[in-house]
Structure formats: structure tokens, C-alpha cells
Amino acid sequence: MLLLVLVALFVWLGHHHLTQQLEQSRQGHHERQQREIRLAMQRSADNLRQLAGLTANAPDLGNALAQNDDEGLRTVLAAQWPSLQLEAGVDGVFVFDRQGQQRGQSGMGAPDMELPIPDCPRCCP
């Protein structure tokens with residue numbers, strides 16, 4: 001009887017210890033994932049702030065889009081392209097009007113390449 005009680009106690013202690021180790025491992029993994037996600041979000045926010053600052057320096061871009069001035073749009077993109085590429089690490093820029101039509105582009109990508117934005121009949125009739 002004493003041997004049976006000792007074996008049961010040993011099994012229970014082993015199970016309890018392994019359960020605690022598993023929970024600590026899960027908690028550590030969860031905390032690491034949270035730190036990585038926070039870091040990725042902070043980097044994305046910093047990149048967006050940088051892009052917003054660079055595009056804010058191009059008020060002619062909005063004017064060219066509002067007036068459907070494709071030549072003016074190309075001129076503005078050509079003027080802003082070195083800053084976007086070197087300071088923000090942008091590989092390609094596609095400019096769309098409110099109807100979802102591509103008005104201009106700069107950087108990598110051929111005119112016949114598939115655009116990164118899918119067709120959406122609900123938002124772009």
C-alpha cells in the first residue's frame with residue numbers, strides 16, 4: 001500500500017512539474033511574440049510617418065490628380081522619386097484616382113505587370 005501511495009505521489013509530482021514547465025514555456029513564447037508584433041507595428045508606423053512626410057512635401061501631386069494632369073503627375077513623381085527611393089526604401093509607386101484608375105507610376109514594375117491592388121467592384125465601380 002505504501003509503495004502504491006509513493007508511486008502515485010511521484011506520478012502526480014512529475015505531472016504537476018511538467019505542467020508548470022509547459023505553462024512557463026507557453027508564457028515565454030507568448031511574450032516573445034507580443035514583443036515581435038509590437039516592434040513590427042512600431043517599424044510600420046515609423047515607415048508610414050516617413051512616407052507621409054515625404055508626400056506632404058509634394059502638394060503638386062494632389063493638384064495634378066485633382067486636375068487629371070497626367071504630365072504634371074509624371075513630373076511630380078519624377079521629382080519625388082529619388083527621395084522616396086533613397087530615404088524611404090520604396091521600390092515602386094502606383095498612383096490611382098478616386099475611381100480606382102491608375103494615373104501614374106514610378107520605379108520598378110512594367111506597365112503590364114499585375115497591380116498589387118485587386119479589382120473590387122464594391123469600392124471601385
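Reader: Let's start with a side chain: what relative accessibility does Arg74 have?

Author: Quick background first: this is a predicted model, where local features need pLDDT of at least 70, side-chain atom pairs count only at pLDDT 80 or more, and totals for chains, interfaces and linings use all residues. Residues are numbered from 1 along each chain as its sequence is written, and side-chain values use heavy atoms, leaving out hydrogens and water. Buried means under 20% relative accessible area, exposed over 50%, and partly exposed in between (1.4 Å probe, protein chains only). Arg74 counts as partly exposed because its relative accessibility is 48%.

Reader: And which residue forms a salt bridge with Arg74?

Author: A salt bridge here is a side-chain nitrogen of Lys or Arg within 4 Å of a carboxyl oxygen of Asp or Glu. For Arg74, the closest N and O atoms of the pair are 3.3 Å apart. The partner is Glu71.

Reader: What pattern does the chain follow along the sequence?

Author: Helices (H or I, at least four residues) and strands (E, at least two) are DSSP runs, numbered from the N terminus. The chain has three helices and two strands. Read along the sequence, the pattern is α-α-α-β-β.

Reader: Which way does α1 run against α3, roughly parallel or roughly antiparallel?

Author: Axes are lines fitted to C-alpha atoms, for helices over the stretch in contact, with angles from 0 to 180 degrees between N-to-C directions. Under 35 degrees counts as roughly parallel, over 145 as roughly antiparallel, 65 to 115 as roughly perpendicular and the rest as oblique. α1 and α3 (residues 70-88) pack at about 165°, with axes 10 Å apart. That makes α1, relative to α3, roughly antiparallel.

Reader: What about α2 and α3: is the crossing left-handed or right-handed?

Author: The axes of α2 (residues 59-66) and α3 come within 8 Å and cross at roughly 160°. That makes α2 roughly antiparallel to α3. A crossing is left-handed if the near helix is turned anticlockwise from the far one by less than a right angle, and right-handed if clockwise. α1 and α3 cross right-handed, but the crossing of α2 and α3 is left-handed.

Reader: How far apart are the C-alpha atoms of Leu54 and Glu87?

Author: Leu54 is in helix α1, and at 8% relative accessibility it counts as buried. Along the chain, Leu54 and Glu87 are 33 residues apart. Their C-alpha atoms are separated by 8.8 Å.

Reader: And what C-alpha separation do Asp97 and Ala66 have?

Author: Asp97 is in the loop between β1 (92-96) and β2 (102-107). With 17% relative accessibility, Asp97 counts as buried. Asp97 and Ala66 are 31 residues apart along the chain, and their C-alpha atoms are separated by 8.4 Å.
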